[in-house]
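Trainee: Would you please show me how to read the features of a protein model, one step at a time?

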Amino acid sequence: MKKKIMLDMSSTLIHHGHIRLIKKAKKYGDVIIGLTTDNQIRKFKGYSPELSFKFRKEILSEIKGVKKVVPSDWLITQKFLDKHKIDILISGGDYVKRKFKTKTINFNRTKFISSTILRKKAAKILNS
């Protein structure tokens with residue numbers, strides 16, 4: 001039986017960095033994405049995502065190697081990992097300080113790309 005691997009993502013604007021992280025994660029087992037809900041993004045990031053949870057889930061669910069997408073809070077908890085019977089949590093390098101009893105693996109972010117960078121580029125183009 002394959003291990004259950006969770007990726008913790010918001011993916012407000014889905015890009016190649018997300019795809020690269022999914023590719024790395026699927027080498028460890030079946031990928032389940034804990035996708036931050038719209039309300040949690042508004043609460044913790046202070047804006048409404050460009051793509052609603054429904055559409056982000058639809059896109060991510062169709063990516064090769066993604067077995068399931070489940071709604072999650074901004075902050076993943078051990079209780080959430082236990083509920084989904086997760087064997088390994090995989091995150092970007094900016095979450096290296098989080099500690100869980102579940103095994104965690106952190107990968108560096110893809111350089112020069114993030115949803116924030118895309119959002120700023122789009123705003124600059126629209127405002128020029």
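Mentor: Let us begin with a polar contact. In this predicted model, the side chains of Arg98 and Asp8 are joined by a polar contact of 2.7 Å.

Trainee: Is Arg98 buried or exposed?

Mentor: A residue counts as buried when its relative accessible area is under 20%. Arg98 has 18% relative accessibility, and therefore it counts as buried. Asp8 counts as buried as well, because its relative accessibility is 11%.

Trainee: How many salt bridges does the model contain?

Mentor: The count comes to three salt bridges. One of them is formed by Arg98 and Asp8, with the closest N and O atoms 2.7 Å apart. Arg98 lies in the loop between β4 and β5 and Asp8 in strand β1, so this pair ties together parts that are 90 residues apart in sequence.

Trainee: Which residue forms a salt bridge with Arg56?

Mentor: Asp38 does, and the closest N and O atoms of the pair are 2.6 Å apart. Arg56 is buried, with a relative accessible area of 0%; Asp38 counts as buried at 16% relative accessibility.

Trainee: Which residue meets Lys101 in a salt bridge?

Mentor: The side chain of Lys101 meets that of Asp82, at 3.7 Å from N to O. Lys101 lies in the loop between β4 and β5 and Asp82 in helix α4 (residues 78-83), so the pair ties together parts that are 19 residues apart in sequence. To judge exposure, recall that exposed means over 50% relative accessible area. Lys101, with 69%, is exposed, whereas Asp82, at 36% relative accessibility, counts as partly exposed.

Trainee: How should I read empty space inside a model?

Mentor: Rolling a probe the size of a water molecule over the atoms shows where empty space is left. Here the count comes to one cavity of 30 Å³ or more, and about 30 Å³ of space lies in the largest cavity.

Trainee: Which residues line the largest cavity?

Mentor: The lining consists of Leu89, Ser91, Tyr95, Arg98, Phe100, Thr104, Ile105 and Asn106. Strands β4 and β5 each supply at least two residues of this lining, and β5 gives the most, with three residues.

Trainee: How many residues does the largest nonpolar core have?

Mentor: The largest nonpolar core has 18 residues, and those with the most contacts inside it are Leu7, Ile22, Ile33, Leu60 and Ile90. The elements that give two or more residues to this core are β1 (4-9), α1 (16-26), β2 (30-36), α3 (53-61), β3 (66-72), β4 (88-92) and β5 (103-107). Another core, of eight residues, lies apart from it; among its members are Val70, Ile76, Leu81 and Leu89.

Trainee: With which residues is Leu7 in contact, leaving aside its neighbours within four places in sequence?

Mentor: Leu7 is in contact with Leu21, Ile22, Ala25, Val31, Ile32, Ile33, Gly34 and Ile90.

Definitions and conventions: Residues are numbered from 1 along each chain as its sequence is written. This is a predicted model: local features need pLDDT of at least 70, side-chain atom pairs count only at pLDDT 80 or more; totals for chains, interfaces and linings use all residues. Side-chain values use heavy atoms; hydrogens and water are left out. A nonpolar core is a set of buried Ala, Val, Leu, Ile, Met, Phe, Trp, Tyr and Cys residues joined through side-chain atoms within 4.5 Å. Buried means under 20% relative accessible area, exposed over 50%, partly exposed in between (1.4 Å probe, protein chains only). Helices (H or I, at least four residues) and strands (E, at least two) are DSSP runs, numbered from the N terminus. Contact means heavy atoms within 4.5 Å. A polar contact is a pair of N or O atoms within 3.5 Å; within protein, one must be able to donate a hydrogen and the other to accept it, and residues adjacent in sequence count only if both atoms are side-chain atoms. A salt bridge is a side-chain nitrogen of Lys or Arg within 4 Å of a carboxyl oxygen of Asp or Glu. On a 1 Å grid over the protein atoms alone, a cavity is a set of points where a 1.4 Å probe fits but cannot get out, and a pocket is an open set with protein on both sides within 12 Å along at least five of seven lines; lining residues have an atom within 4 Å of a point. Grid points are joined across faces, edges and corners, and a volume is the space filled by probe spheres set on the points.
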